Amino acid sequence: MDYRTEAPPILRDFLVYHETIQGHSHRTVDEYYLDLRNFFRFLKQNKNLVSKDLPLDDISIADVDLGLIRDITLTDIYSYMNYLSRDRGLNNTSRARKVATIRSFYKYLTNKAKLLETNPVQDLDSPRLKKTLPKYLNLEESMDLLDSVEGKNSSRDYCILTLFLNCGLRISELVGLNKTDVRGDQLRVLGKGNKERMLYLNDACQQALENWMTERDSLTLVDQNALFVTLQNRRRISTAAVHKLVKKHLAAAGLDSTQYSSHKLRHTAATLMLQNGVDVRTLQEVLGHDHLNTTQIYTHVDNEDLRTAAKANPLGNVRQQKKPKKETESQ
C-alpha cells in the first residue's frame, strides 16, 4: 500500500503534512489513510454516488475532491459511526480513533490548507470511552521480576527490564535505542512523532547498562548501532523478542504473564515514581506524553495514597457533638 499513488491529491497533501511536518511514523500515516479511505467509501455509497451493489472495498476514492468534502455534515459522520458499530462491530475505542482522524483531516483543511472557511466537524462528539486504571506491579513484585533473571542473556534481559521499570520506556523506544544514545548518566530516547527527549539514568540503570555493554562489545555484531541485539543473529532485537522475554521472566517470578506486559512495566515505572514524590508534570516529561491529561491517569491508581491523603486532613477525626435539644415554644 502506498498512499502517495493511491490517495486523491487533497488527501495526499494531508498525509504528507503529517509525515513531514508533524513527524508521524509511516505506520501512523498509513492508518490515517486507511481510516479516511474507508470513510469516503462509505460516504460515496451512502450518498448514492456509486452502485449499491458495489462492495465497499471495491469503491475508488480517486475522485474525492473539495466539493464532496465540503458537503459533509455531522449527520453523515454519525451515520458512518452507526455503520461501524452495527455492521462492523467496532467498539468505542476503535470508533473514537476514526473520529480523531476525521477531526484531524478537517482541522488541517480549515487551519493549515485554508481550503475551508469553517470546520463542519468542530462540534463532532467522540464515542465515550470507559476509563480503566492501568495495571502495574508493586515494588515487591518489581523486585521479584528483576531477581528472576538468570541464565542465558541474563545481562541483556536484566538491563531491558531495568530500563522499563526505571525509565518507563515504550517498547518501540527501547528497541530503537542505539549504543550512541547512552551518554554517561543520560539516555537519548526517540519517542512518538520522532520527538527526542533526554532521560537521566539512576545508578541501577547505569550499572545494568555497563554490564550489558561489556558483554555486547565482546560480540561480533551484524548491527553495530543497535544497543540491544539478539545473541542468535547479532541483529537489533525485535519487539516480538522483547515481548517474549518479558513474559518469560514474569512467569519465572511467579507473576501472571497474561495480565502483564512490557507496557505494564511502563505503567509500573510511572506509578512508582508518583508514589515516591515525582510530580505529574515531571512525569509527563519522563514518559514523553504530549498532553498532561494522558499522564494524569496515574494519579488515580494508588488507593493507599488516597487513604493516606484523606486521613491527613486535620478535620478527619472531628466527630459531631451531640447537643441537648432546645425547648421550643409552641406556635
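## Exercises on a predicted model

The protein has 15 helices and three strands. The model is predicted.

**Exercise 1.** Find what share of the protein's 331 residues counts as buried.

*Solution.* Start with the cut-off: a buried residue has under 20% relative accessible area. Apply it to the 331 residues, and 40% count as buried. Now turn to the surface. The protein exposes about 20,000 Å². Carbon and sulfur atoms supply 47% of that area.

**Exercise 2.** Take the contacts with a separation of 6 or more, and state what percentage joins residues 24 or more positions apart.

*Solution.* Keep the contacts in the protein whose separation is 6 or more. Then pick out those between residues 24 or more positions apart. They account for 56%.

**Exercise 3.** Locate Asn-48, describe its phi, and decide whether it is buried or exposed.

*Solution.* First, the place: Asn-48 sits in the loop between α3 (26-46) and α4 (66-70). Second, the backbone: Asn-48 is not a glycine, yet its phi is positive, about 60°. Most residues other than glycine have a negative phi. Third, the surface: exposed means over 50% relative accessible area. Asn-48 has 55% relative accessibility, so it counts as exposed.

Note on methods:
Residues are numbered from 1 along each chain as its sequence is written. This is a predicted model: local features need pLDDT of at least 70, side-chain atom pairs count only at pLDDT 80 or more; totals for chains, interfaces and linings use all residues. Side-chain values use heavy atoms; hydrogens and water are left out. Helices (H or I, at least four residues) and strands (E, at least two) are DSSP runs, numbered from the N terminus. Buried means under 20% relative accessible area, exposed over 50%, partly exposed in between (1.4 Å probe, protein chains only). Contact means heavy atoms within 4.5 Å. Accessible areas come from the Shrake-Rupley method with a 1.4 Å probe; for residues, only the protein chains shown count as cover.
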